[in-house]
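Work through the exercises below with the sequence and the 3D structure open. Each task is followed by a solution in steps.

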Amino acid sequence: MPKVVTLPGDGIGPEVTAAAVQVLREVAPDVQIEEHAIGGVAYDTYGEPFPQRTRDALQGADAVLLGTVGGAQDSVWNTLPRPLRPESGLLALRKALGCYANLRPVRVQPGLEHLSPLKADLARGVDILIVRELLGGVYFDGDRKIDGATAYNTMRYTTPEVERVARVAFWAAEQRKGRVTSVDKANVLEVSELWRRDVTALRDREYRGIHLNHEYVDSVAMLIVSDPSRYDVIVTENLFGDILSDLAAVIPGSLGLMPSASLGDGAGLFEPIHGSAPDIAGKGVANPAAAIMSAGMLLRHGLKRPEAANQIDRAVALALRAQPTRDLGGTADTQSFTRAVMDALETSPAVG
Ligand SMILES: NC(=O)c1ccc[n+]([C@@H]2O[C@H](COP(=O)([O-])OP(=O)(O)OC[C@H]3O[C@@H](n4cnc5c(N)ncnc54)[C@H](O)[C@@H]3O)[C@@H](O)[C@H]2O)c1
Ligand SMILES: CC(C)[C@H](C(=O)O)[C@@H](O)C(=O)O
Ligand SMILES: [Mg+2]
C-alpha cells in the first residue's frame with residue numbers, strides 16, 4: 001500500500017490540501033495518507049518549522065503532498081531568526097528529499113481560454129513546462145550575510161547541479177515537442193555563463209535530437225506572457241524559475257491553477273506554487289485546483305498511475321468550465337468547487 005505524507009502547512013494550505021486529499025482518496029482509495037506538520041504551525045507546536053517527527057515520517061513515504069507555508073507580512077513568524085521561519089522549513093524539506101527538479105506546468109486546457117486575461121488566440125493551446133532548479137543558487141548557498149549596511153547572497157552552480165536538472169528538462173522535452181529554452185542572464189553573470197556552457201554541452205553529447213536555445217531572463221519575462229506558444233520546456237535556475245512561474249500563472253488565469261512536482265533522489269514532493277494567501281486564508285474561498293492538480297502530478301510522477309492523474313485533470317477542467325472560483329471571476333468557493341470536481345470524477349471514466 002503506497003504511503004503519502006501530507007503537510008497542509010499555513011494559511012490556505014490546510015483548506016486546499018483537504019480538497020486535494022478528498023480527490024486523492026476518491027481516485028486512489030488504497031493509498032495510505034498520514035498528515036504531519038510543517039511551516040509556521042509546526043513552529044508553534046514543536047518550536048521548529050521542519051520538526052524531527054515530520055522528518056521521521058518521510059522515511060517510509062512514497063510521495064509528499066504539501067499545502068503552503070508562511071504568514072502575512074506582519075506575522076510574528078517573520079520576526080524569528082531565519083532558520084526558524086516557515087519558508088526555511090520548506091527549503092529544508094526540499095533539501096531533505098533531494099528534490100532538485102521542480103516541474104511547473106503552465107497549461108490552458110481546451111475550452112478554458114476565457115479564464116485567461118490574455119486574448120483567446122494567445123492563450124489557446126498554451127502548454128509550457130517550466131523546469132526550475134530547486135536546490136541551488138541564492139536560496140541555498142552558504143556564502144550569505146547581513147551585517148550592518150552590507151548584505152549579500154551568492155548565486156553559485158556547479159556542473160553536476162546544472163547537468164542533473166538539464167537532464168530532466170531534456171527528458172521531458174523528449175516526451176513533448178522536443179524543444180528546450182534555457183533561461184539565464186549570461187550577458188552579465190558568470191554563473192549563467194557556466195549554466196549555458198554546461199546545458200549546451202549536455203545537449204551536444206546526449207540529446208542531439210532536442211532543439212535547444214538560450215534566452216535572457218528579462219526578455220523571457222516579457223515573451224512568456226506576450227507570445228507563450230513559443231515555449232515548450234523552459235529550464236532555469238532557482239530564483240529565475242520562482243519568479244517566471246508566478247508570472248506565467250497569468251496565462252491560465254490564476255496562481256490557483258499552477259500545480260508542481262519536485263523530483264530528485266527519492267520520494268517526490270507535490271505542491272501548488274502559490275503561497276499561504278493570508279488575505280483570503282480562513283474564508284473558504286481559496287481555489288483548490290492547483291493543490292488538486294498537484295495530487296494528480298503525485299499520481300503521475302510519484303505513484304506512476306497516469307490513468308488516475310488524467311482522470312483528475314479531466315475532472316478539474318470540467319469543474320472549471322462549470323463553476324470557476326472567485327480568483328477566476330466566478331463564484332465557486334473551495335468546497336463547492338471541490339464538490340464539482342468530485343461530481344465530475346463520477347462521470348469521467350478512469351481511462352485515457
Ligand atoms: N510554496 C509555498 O508554501 C509558498 C509559495 C509562495 C509564497 N509562500 C509564502 O506565502 C506567504 C504569502 O505570500 P504572497 O502573498 O506573496 O503570495 P501568495 O501566493 O500567498 O498570494 C498572492 C496572491 O494570490 C492569491 N492567491 C494565491 N493562491 C490562491 C488560491 N489558491 N486561490 C485564490 N487566490 C490565491 C492571494 O490571495 C494573493 O492575493 C508568504 O509568507 C510567502 O513566503 C509560500
Ligand atoms: C516560500 C518560498 C520559499 C518558495 C520559493 O521561493 O521557492 C515559494 O515562493 C515557491 O515558489 O514555492
Ligand atoms: Mg514562488
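**Exercise 1.** Describe how helix α1 (residues 13-27) and α10 pack, giving the angle, the distance and the residues in contact.

Solution. 
- Step 1: the axes of α1 and α10 come within 8 Å and cross at roughly 40°. Axes are lines fitted to C-alpha atoms, for helices over the stretch in contact, and angles run from 0 to 180 degrees between N-to-C directions. Helices are DSSP runs (H or I, at least four residues), numbered from the N terminus.
- Step 2: α1 and α10 are therefore oblique to each other. Angles under 35 degrees count as roughly parallel, over 145 as roughly antiparallel, 65 to 115 as roughly perpendicular and the rest as oblique.
- Step 3: the crossing of α1 and α10 is right-handed, that is, the near helix is turned clockwise from the far one by less than a right angle.
- Step 4: α1 contributes V16, T17, A19, A20, V23 and L24 to the contact, and α10 contributes A291, I292, S294 and A295. Two residues are in contact if their C-beta atoms, placed from the backbone, lie within 7 Å.
- Step 5: by class, this contact of α1 with α10 has 8 nonpolar, 2 polar and no charged residues. Ala, Val, Leu, Ile, Met, Phe, Trp, Tyr, Cys and Pro count as nonpolar, Asp, Glu, Lys and Arg as charged, and the others, Gly among them, as polar.

The model is predicted: local features need pLDDT of at least 70, side-chain atom pairs count only at pLDDT 80 or more, and totals for chains, interfaces and linings use all residues. Residues are numbered from 1 along each chain as its sequence is written, while chains are lettered from A and ligands numbered from 1 in the order in which they are written.

**Exercise 2.** At what angle do helix α6 (residues 159-174) and helix α7 (residues 190-206) pack, and which residues make the contact?

Solution. 
- Step 1: the angle is about 50°, with the axes of α6 and α7 9 Å apart.
- Step 2: that makes α6 oblique to α7.
- Step 3: the crossing of α6 and α7 is right-handed.
- Step 4: on α6 the contact uses T159, V162, E163, A166, R167 and F170, and on α7 it uses L194, W195, D198, V199, L202 and R203.
- Step 5: the residues of this contact divide into 7 nonpolar, 1 polar and 4 charged.

**Exercise 3.** Which residues are around ligand 2, and which helix gives the most to its shell?

Solution. 
- Step 1: the residues around ligand 2 are G70, E87, L90, L91, D242 and I273. A residue is near a molecule if its C-beta atom, placed from the backbone, lies within 6 Å of it.
- Step 2: helix α4 (residues 86-97) gives the most, with 3 residues.
- Step 3: the shell around ligand 2 divides into 3 nonpolar, 1 polar and 2 charged residues.

Note on methods:
Helices (H or I, at least four residues) and strands (E, at least two) are DSSP runs, numbered from the N terminus.
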